[in-house]
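Hi,

Here is the structure I promised to send over. Have a look at it first, then read my notes below.

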Amino acid sequence: YIGPARDYIARDVAADIVALLSSGATLHDRDDDGEEGTGRPLEPGDVAVLVQRNDDGRTVRDALHAVGVPVVLTGTSSVFLSAAAHDWLTFLTALEQPNRAGLARSAALTTFVGWTAEQLAGDEAAFDDLSVRLREVADVLSRRGVAALFEAVTATFGLTSRVLARPSGERELTDLRHIAQALHEAATEGQFGVASLVQWLRRRMAEAGDDASEELSRRLESDAKAVQIITVHRSKGLEFPVVYAPFLWDRYVHSTPDPVRMHDDEGRRVLDVGGKDGVGYAERSAVHAREDAGESLRLAYVALTRARAQVVVWWAPTMNTGGGPLHRLLFAARADDGEIADRAPVPSDGWVRERLDELAGRAAETISVEDADADHDARRDPSATIAPQLSVRPFARTLDLTWTRTSYSGITTGLHELSGTGNVATEAEDPGTIDEPQLESVGEMVVGTDAGETGDAGETLPSPMAALPVGAAFGTVVHRVLELTDFAADDLGAQLRDACTAADAERLTGVPTTDLAVALEPALSTPLGPLAGGLRLRDIGRGDRLDELDFELPLAGGDAATGEAFVGQIATLLRDRVAADDILAPYAADLAVPTVSTRSMRGFLAGSIDAVLRVRDPSGSPRYLVVDYKTNWLGADSTLTAAHYRPELMARAMRSAHYPLQALLYSAALHRFLRWRMPGYDPSTHLGGVLYLFLRGMCGPATPTAAGTPYGAFAWSPPPTLVAELSDLLDRGAP
């Protein structure tokens, strides 16, 4: 009786919902005083059907689909148990080996391609064309990943329109997209190729029955106004105007449960796996039965209290009815303390009807008892619903076009062309390591002399990195290698080789791992000059170094704007606070031109400092240096020597690339960081300045110096008062 009863009741639920939605029923909200407010027509989205099992939910869903009622199904089943998961597995398996005709034919029958068996058995030319397209999307997967694959398949095979044309199309498309997202995340985190992705999906499908995580539970397939089918467990804490609970009469009770789940006298959960022949099985089985019966009543309470306006339940006489929570609530004997018996006999239909009519008569017209009648042809006609009058909502807000999330790159966009000294690419702040400006007419602008004319010792010292490539990709790899390297390691060469391998440097740059490691080692052995107390990078251990310090600072109040800051105000600070004989004092004029100085800074400033180094002055007090690694080529031609990185030439390159502005912004970020994190922080004591390390000019211990400053290691000490005032300007805006 049980199966037919469920099917019959599912159809009766559908018929009842059709009748309810067609009756013109109106919902009335209540105001704070409990008075009824304005009514509105009842819609499918106001109705929920609560079920105990997902199988019952699918039965009701199919019945509602059959009578034209929009419905969505949610529950705790894993998306990897769905048909979409099998389609994904078949499709990915074919893309792993796109030249195998058998796998391609299997892929043709998946939802992705949508062929029928007749199409597959028909035109061979069409199949040849399909094989070509499968190879194309396989190439998209291998080069660009799962997200790009799903978009390519959607466009190539018309996936969206074809699937949504089916009665259950929204459900299918939601599952396909859900699995696509899970595959994309897995491939990204695990760096999976196609074969690994297939194995991952196969494993997740095998484990899906035991995986009840919220993330992998099937998602609601539509946000449209539709009847929602949901398990009682998932409905806890929710509320709906109208609730149908069609299967509270149904509860199967196993006479010899195995395993037995229960709690002991101390409230601990116990799992008895000894079987029915185990010692104490009868006692533990009895406790299990009592707890299970109690849990069924608690779930029934949840189901019956989810409705604001109406709840509809069904009763049916089957072999499972005696232990069902609704039957026990209505007909089971009660002990003196009110406890309800675990089971109750199933009486005749006539006796049940008399008892229910009697109950309804005492309920002051709040309970109605009706016979189920699923055998009629009622269907919902959505066209009969009067659509509301729609109008375009006016846009009355005023957009603040000066608010932005910016960076050093954003602030300096287009400024390099205005410098008149060359065209320099700006530095990207995300991921914060791309830095490879290119200078036009470099020889004339930067060097100004041919090698051998000045007698500079650096002109005969070739750069160890002269043979290495240039460009943003190479600069990014070098930054990553330095981030991974322990400068103070005993075997620095081995450290660099390991870091090059970990950064995948050879594949990304085309430079052999050993060659890149050998070329970088001299830079780590070059003295950094007076600002760092003569230390080298290889003298600084991990404990005195912070790599890739990301920051995001509010500008002029951030979200709650308090003013506005302008680039020209930074130029004013530079002019007022930097000594006239400072090597970068002329940079104030670069920022003071009208097209630059009027640039506004409001919103947030983001960036990433390559490294912060902690060094100590002679008294032992710590000082903190902002360090930025540069791989710029400053040579005049294919020749590159240490002389191309003399201090005055690096200063000219700094101005051309607007690096002084970057240095100031990074110093302000470090000032904020130390002020928040360091007890007793004093900028005049602890701010040590900035080092821009032009790695191609750092040639090891033999690197020449000028006034004590090594070539390639550009040092600048902006006054601490300038840094603090700049931080305040960025924070609050102009007074």
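In helix α4 (residues 101-108), the buried residues are L103, A104, A107 and A108. Buried means under 20% relative accessible area with a 1.4 Å probe, counting protein chains only, and helices are DSSP runs of H or I with at least four residues, numbered from the N terminus. Looking down the axis of α4, you'd see these residues fall within an arc of 145°, so they line one face of the helix (the arc is taken from the directions from the helix axis to the C-beta atoms). That face packs against α3 (83-96), α5 (117-120) and α6 (124-144).

A quick note on where this comes from: it's a predicted model, where local features need pLDDT of at least 70, side-chain atom pairs count only at pLDDT 80 or more, and totals for chains, interfaces and linings use all residues. Residues are numbered from 1 along each chain as its sequence is written, and side-chain values use heavy atoms, leaving out hydrogens and water.

On the α17 side, the contact (heavy atoms within 4.5 Å) includes L492, L496 and C500, and on the α19 side L516, A517 and L520 are among the residues involved.

Zooming out, the protein chain has 26 helices and 18 strands (strands are E runs of at least two). Of its 735 residues, 48% count as buried.

Cheers

Conventions. Buried < 20%, exposed > 50% of the residue type's maximum accessible area, 1.4 Å probe, protein only.
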